[in-house]
Amino acid sequence: MIGLIFDMDGVLYRGNEPVEGSRELINFLKEKGVPFIFLTNNSTKDPSMYREKLLSIGIDVPEEVIVTSGLATRLYMERHFKPGKIFVIGGEGLHREMERLSWGIVGIEEARKGAWREVEYVVVGLDPGLTYEKLKYGTLAIRNGARFIGTNPDTTYPAEEGLYPGAGSIIAALKASTDADPLIIGKPNEPVYEVVREKLGNVDEVWMIGDRLDTDVLFAKRFGMKAAMVLTGVSTLEDVERMGIKPDLVLPSVAELKEYLKTLLEEKE
């Protein structure tokens, strides 16, 4: 049986606008009983928030099939680290996931009073409310010995107007100010692969459908998955030639993927 992992930003939608054909594709997979996971490196929302976003564009899936880099970060920290206070640079979704750990979060007000010295983990994702002050206390905590954890490496993300700065840009600023190398959880790295592979269950072949060569396609190549790249997000055909990371399949959008999968599934019957 085939299993599918979908990136979301730039694949199923751009900003708040659905990509044409995305709803029809997901309905087709549900009808055929093909297992799939939605995997995003964006940590600004948690799975419940993404479910609401997807419903708003006509895609109805259970929360359980949605994995964010924030969720994967929480699961990794639960399994591999001992409890300690956390300083979060990120959006609401990442804050929610870190609160679910119940290890204690040091907010900006407490940091101003010196509580940054008690921080054991600085967890960094995409933060639409980023301030110099957050970078300052993140820097101080990391230089004081706190573990530096990044949700994902994406330097940009696709939106309606074009490409916006991503979590990787914020992580790069902290890396520059601390000389510390972060642990990165999301695609194309192993921590998030463990999570999605477990959720997909017993499948023979896994396809990763994404829009970025440096995260989605590289992720597929690292872990023995097939890679389908769509051209509705970040990477272009020119990037494929320039970067030398070769997808197994390049399609204009997920609309064309439905026909491809229909043929593929018929061949496997």
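Q: Which strands form the open sheet with E6 in it, and in what order?
A: The order is E6-E7-E8-E11, an open sheet of 4 strands with parallel pairing. Strands here are DSSP runs of E with at least two residues, helices are runs of H or I with at least four residues, and both are numbered from the N terminus. Two strands pair if DSSP finds at least two bridges between them.

Q: What should I keep in mind about the model itself?
A: This is a predicted model, in which local features need pLDDT of at least 70 and side-chain atom pairs count only at pLDDT 80 or more, while totals for chains, interfaces and linings use all residues. Residues are numbered from 1 along each chain as its sequence is written, and side-chain values use heavy atoms, with hydrogens and water left out.

Q: Back to the sheet: which strands stand at the edges?
A: Strand E6 (86–89) and E11 do; each has a single partner strand, so one side of each is left without a neighbour in the sheet.

Q: Which helices pack on this sheet, and at what angles?
A: H3 lies across E6, E7, E8 and E11 and runs at about 160 degrees to E7. Helix H7 (residues 167–178) touches E6, E7, E8 and E11, and its direction makes about 160 degrees with that of E8. Contact means heavy atoms within 4.5 Å. The axes are lines fitted to C-alpha atoms, for helices over the stretch in contact, and angles run from 0 to 180 degrees between N-to-C directions.

Q: How many bridges join E7 and E8?
A: Strand E7 (residues 121–124) and strand E8 (residues 147–150) pair in the parallel sense over 4 bridges, with tyrosine 121 opposite arginine 147 in E8. The chain crosses from E7 to E8 through helix H6 (residues 132–143), and this β-α-β crossover is right-handed; that is, with the strands pointing away from the viewer, the path from the first strand over the helix to the second runs clockwise.

Q: And what about E8 and E11?
A: They run parallel and are joined by 2 bridges, E11 being residues 183–184. Glycine 150 has isoleucine 184 in E11 as its bridge partner.

Q: Now the sheet with E5 in it. What is its strand order?
A: That open sheet has 6 strands in the order E5-E4-E1-E12-E13-E14, paired in parallel. E5 and strand E14 (249–251) are the edge strands, each pairing on one side only. From one strand to the next, the twist averages 20 degrees.

Q: Which helix touches E4 and E5?
A: H2 does, and its direction makes about 125 degrees with that of E5. Helix H9 (residues 213–222) lies across E4, strand E12 (205–210) and E13, at about 155 degrees to E13.

Q: Which residues of H2 are buried?
A: In H2 (residues 47–56), they are Pro47, Met49, Tyr50, Lys53 and Leu54. Seen down the axis of H2, the buried residues fall within an arc of 155 degrees, so they line one face of the helix; the arc is that of the directions from the helix axis to the C-beta atoms. Glu52 and Ser56, on the other side, are exposed. Buried means under 20% relative accessible area, exposed over 50%, and partly exposed in between (1.4 Å probe, protein chains only).

Q: What do those buried residues pack against?
A: They pack against strand E2 (13–14), strand E4 (36–40), strand E5 (66–68), helix H3 (69–80) and helix H4 (92–101). H2 is followed by glycine 58, which has a positive phi, near 90 degrees.

Q: Why is the pair of tryptophan 207 and tyrosine 260 edge-to-face?
A: Their ring centres are 6.0 Å apart and the planes stand at 65 degrees, so the pair is edge-to-face. Tryptophan 207 counts as buried at 6% relative accessibility, whereas tyrosine 260 is partly exposed at 32%.

Methods: Rings of Phe, Tyr and Trp (its six-membered ring) pair if their centres lie within 6.5 Å; planes under 30 degrees apart count as stacked, over 60 as edge-to-face and the rest as tilted.
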